[in-house]
Amino acid sequence: MTANTARTGALMAMCSMVCVQLGLAVAVGLIDDIGAEGAAWLRLAWAGVLMLVIVRPRPSAFTRSAFGTCVVLGLVTAGVTLLFMAALSRIPLGTASALEFLGPLSVAVAHGRGRNRLVWPGIAAVGVVLLTEPWTGSVDLIGVGYALGAAACWACYILLTQRVGDAVAGINGLAVSMPVAGLVATATVGPSVFGKLTPELLLIGVGLAILLPMIPFALELLALRRLNTAAFGTLMSLEPGFAMIIGLVVLHQVPGPTGVVGICFVVAAGIGAARTGSRSLPVPAEIG
């Protein structure tokens, strides 16, 4: 049962990663039209509206503490989305995803136990270094700064998502956090984007919001009910690999041989984390 739980959680996490990277590849095409922040705002705003309409959360589904955690998760979600899109406007998708992975890697090291605490994250870290090739000195430092900011937000996102998943049944938590993220994005960057919108861009935004962030965030919430934070954080090492593959296929960003070796390292770390990181399924507070 434990092994099946881990495999299910890992599969959910990997499906989430594929959706994320496909969504980001599509979003890159919007940067020229409405800017990086505008593309992030469009996704978050529509995701918030759709979550409210589809889920229609009831106050009885939350304790006061759980509702507050959902609100904070929304703030962090806005941060990771806006910062990562800003990074993506300056550095390649694979590089940005590799740097952002430092957030989950920190969670994996902080919450791991025994020898696996450092083994799998260490292997993943080697892969990330090979993917980013920092010794070349050709990476945009501002873009790197944005990606590192997104990494810090992602670390908080993992911890908060697990708390929300443990405390609130189903995806009710996302029906609060996503509208909050949409409101934050609207308040911060919305006014600079409104004048650039067209009916076509609004329709693209609906589809993009479903692909990213609605589906992947729901999958991550469910995965974190089955995997501990250390395993989930290390499993996220697969994301730079997915990013590089999708960047090659969709955006024609060709990786070098070092990047290919880096992918092998992060894939090995992700598989190792998935095999050792199951957790008992929690009972939401309002049920248990």
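About 200 Å³ of space lies in the largest cavity of this structure, which is a predicted model. The structure holds 1 cavity of 30 Å³ or more. Its lining counts 14 residues. Those nearest the centre are V20, V80, E100, L212 and F217. The biggest share comes from α2, with 4 residues.

Two elements supply two or more residues each, α1 (2–55) and α10 (238–251). The top contributor is α10, with 4 residues. Is V254 buried or exposed? V254 counts as exposed because its relative accessibility is 68%, and the cut-off for exposed is over 50%.

Next, the charged side chains. Side chains of opposite charge can pair when their charged atoms come close. The count in this model is 1 salt bridge. R90 and D140 form that contact through their side chains, at 3.2 Å from N to O. The pair ties together distant parts of the chain, 50 residues apart. R90 lies in the loop between α2 and α3 (93–100). D140 lies in the loop between α5 (116–132) and α6. How accessible are the two partners? R90 has a relative accessible area of 40%, so it is partly exposed. D140, at 24% relative accessibility, also counts as partly exposed.

Finally, the cysteines. How many disulfides are there? The count comes to 0. A disulfide needs two cysteine sulfur atoms within 2.5 Å. Take C15: the closest cysteine sulfur belongs to C19 and is 6.9 Å away, so the gap is too far for a bond. C153 is in no disulfide either, as the nearest cysteine sulfur, that of C156, is 6.6 Å away. What of their exposure? C15 is partly exposed, because its relative accessible area is 36%. C153 counts as buried, because its relative accessibility is 19% and the cut-off for buried is under 20%.

Definitions and conventions:
Residues are numbered from 1 along each chain as its sequence is written. This is a predicted model: local features need pLDDT of at least 70, side-chain atom pairs count only at pLDDT 80 or more; totals for chains, interfaces and linings use all residues. Side-chain values use heavy atoms; hydrogens and water are left out. Buried means under 20% relative accessible area, exposed over 50%, partly exposed in between (1.4 Å probe, protein chains only). On a 1 Å grid over the protein atoms alone, a cavity is a set of points where a 1.4 Å probe fits but cannot get out, and a pocket is an open set with protein on both sides within 12 Å along at least five of seven lines; lining residues have an atom within 4 Å of a point. Grid points are joined across faces, edges and corners, and a volume is the space filled by probe spheres set on the points. A salt bridge is a side-chain nitrogen of Lys or Arg within 4 Å of a carboxyl oxygen of Asp or Glu.
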